[in-house]
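Hi everyone, thanks for coming. Please have a look at the sequence and the structure on the screen, and then I'll walk you through a few places in them.

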Amino acid sequence: MEYKIAVLAGDGIGPEVIAQGLRLLEAVGARYGHHFHCQAATVGGAAIDLTGRAIDPATLELCASGDAVLFGAVGGPKWDDPKARVRPEDAILALRKELKLYANLRPVKVHAPLLDASPIKAERLKGVDMVVVRELTGGLYFGKPKKRWQTSRGWRAVDTLAYSQPEVDRILRVGFRLAQGRRKKLTSVDKANILETGRLWRQRAQELAAEFPDVALEHMLVDTAAMQLIREPARFDVVVTENTFGDILTDEVAVLAGSMGMLPSASLGARSLPGVEGGPKRLFGLYEPIHGSAPDIAGQNKANPLATFLSLALLLRYSCGLEVESAVVEGVVEELLRAGYRTGDIAAPDSRVVGTREMGDLAVRALKASPSPVTPRD
Ligand code: NAD
């Protein structure tokens with residue numbers, strides 16, 4: 001089959017990790033007989049330098065007209081002026097808004113060979129395999145009024161935390177459905193003891209649970225969740241929460257995996273893509289490693305590309321409907337870690353330390369050598 005993918009590498013280490021991801025994608029295409037038409041465009045700081053905008057309408061159109069977007073990272077000290085009118089991150093916000101990507105999925109798996117790479121004790125990390133689902137287009141980040149003004153007693157500022165039932169329902173349903181395909185446990189995180197939006201969230205989670213009788217639903221206050229995700233992370237299967245809580249908790253759980261360079265993400269919306277008769281459902285989505293542009297290591301061939309490879313695996317699963325190929329890419333990452341290959345961020349004293357490009361070489365080689373459970377197709 002043919003797939004159209006917009007590639008937005010961005011700034012800093014973005015282009016470095018995306019270059020290796022594209023090599024791996026090409027290898028998947030060659031091995032399994034798919035055609036991935038990848039078209040690149042400039043976003044973030046690089047786009048501000050070129051056009052004065054973090055993303056231009058033609059790039060948004062390119063993204064909207066394809067099956068998926070592969071995103072690197074944006075930002076860097078050059079564009080960090082807090083008073084700047086345009087910021088590299090505007091590109092991400094515009095993409096989420098224009099492409100109506102309301103569900104951010106962050107799978108967090110602690111790979112056995114990396115148990116010692118995390119600052120958390122290894123015995124607490126065994127068996128950690130969860131997905132955090134974060135609502136992406138509502139809540140404090142977008143609620144109005146949102147402003148800062150001067151008064152006779154100094155500055156005041158206001159942000160608005162607002163959610164509607166349809167916004168809450170659709171993200172909770174993403175959580176329930178994901179849990180159905182996994183260990184059938186959903187933890188809904190809110191602040192129902194204090195916030196009205198939290199009470200709405202809890203009420204709708206309880207009501208929707210009737211549609212998913214096979215899923216065990218639990219509610220957890222966000223402060224308790226922040227503690228439990230570190231104390232007992234293996235107890236979680238799917239966690240669903242609103243925008244701000246999700247933003248904070250997902251960075252917290254990134255620590256479990258040992259490095260920002262290990263964690264992928266998928267941002268999905270309501271748009272489904274034409275699929276094969278009787279085949280898996282395909283959704284338009286944006287896929288990116290969760291890390292930023294890492295200016296401290298940019299241009300040094302030190303960036304870990306594994307989060308990008310795992311993001312590609314999500315792209316193959318959700319937007320291409322290619323479950324086998326997705327699992328093969330995840331298997332390649334496991335195999336490289338088992339063989340002891342590490343970029344500096346996850347290196348242990350006995351590791352075989354490699355650079356970004358070398359990790360790409362190894363991944364392509366492992367993919368070509370992986371046992372193929374399917375016959376190559378046209
Ligand atoms: P960061 O994720 O870029 O880096 C944090 C630390 O993790 C750094 O020490 C970095 O070297 C390390 N790191 C991150 N990714 C790595 C990888 N793949 N391999 C090895 N080490 C890795 O976060 P930051 O330093 O807070 O932000 C840097 C810039 O990135 C800022 O301009 C920020 O606004 C931007 N940012 C962008 C995104 C995005 O594009 N989605 C997300 C977060 C931050």
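This is a predicted model: local features need pLDDT of at least 70, side-chain atom pairs count only at pLDDT 80 or more; totals for chains, interfaces and linings use all residues.

Residues are numbered from 1 along each chain as its sequence is written, and side-chain values use heavy atoms, with hydrogens and water left out.

Now for some atom pairs. An oxygen atom of the ligand has a backbone N or O atom of Val-74 at 2.8 Å, and a polar backbone atom of Ser-293 is 3.0 Å from an oxygen atom of the ligand. Glu-288 uses its side chain: a polar atom there lies 3.4 Å from a nitrogen atom of the ligand. On its own the ligand has 800 Å² of accessible area, and the protein covers 69% of that. Such areas come from the Shrake-Rupley method with a 1.4 Å probe; for residues, only the protein chains shown count as cover.

Next, a helix: H7, residues 196-208. Helices (H or I, at least four residues) and strands (E, at least two) are DSSP runs, numbered from the N terminus. The expected span is 1.5 Å times one less than the number of residues.

Which residues of H7 are buried? They are Thr-197, Gly-198, Trp-201, Arg-204, Ala-205 and Leu-208. Buried means under 20% relative accessible area, exposed over 50%, and partly exposed in between (1.4 Å probe, protein chains only). Looking down the axis of H7, these buried residues fall within an arc of 130 degrees, so they line one face of the helix. The arc is that of the directions from the helix axis to the C-beta atoms. Here is a handy rule: an α-helix has 3.6 residues a turn, so residues three or four places apart point the same way.

Now some backbone details. The peptide bond from Lys-144 to Pro-145 is cis, with omega near 5 degrees, and Pro-145 belongs to strand E6 (residues 143-151). Lys-184 has a positive phi, near 65 degrees, in a residue other than glycine. Lys-184 sits in the loop between helix H6 (165-180) and strand E8 (185-190), and is partly exposed at 35% relative accessible area. Asn-301, also not a glycine, has a positive phi of about 60 degrees. With a relative accessible area of 16%, Asn-301 is buried.

The side chains of Arg-134 and Asn-243 are joined by a polar contact of 2.8 Å. A polar contact is a pair of N or O atoms within 3.5 Å; within protein, one must be able to donate a hydrogen and the other to accept it, and residues adjacent in sequence count only if both atoms are side-chain atoms.
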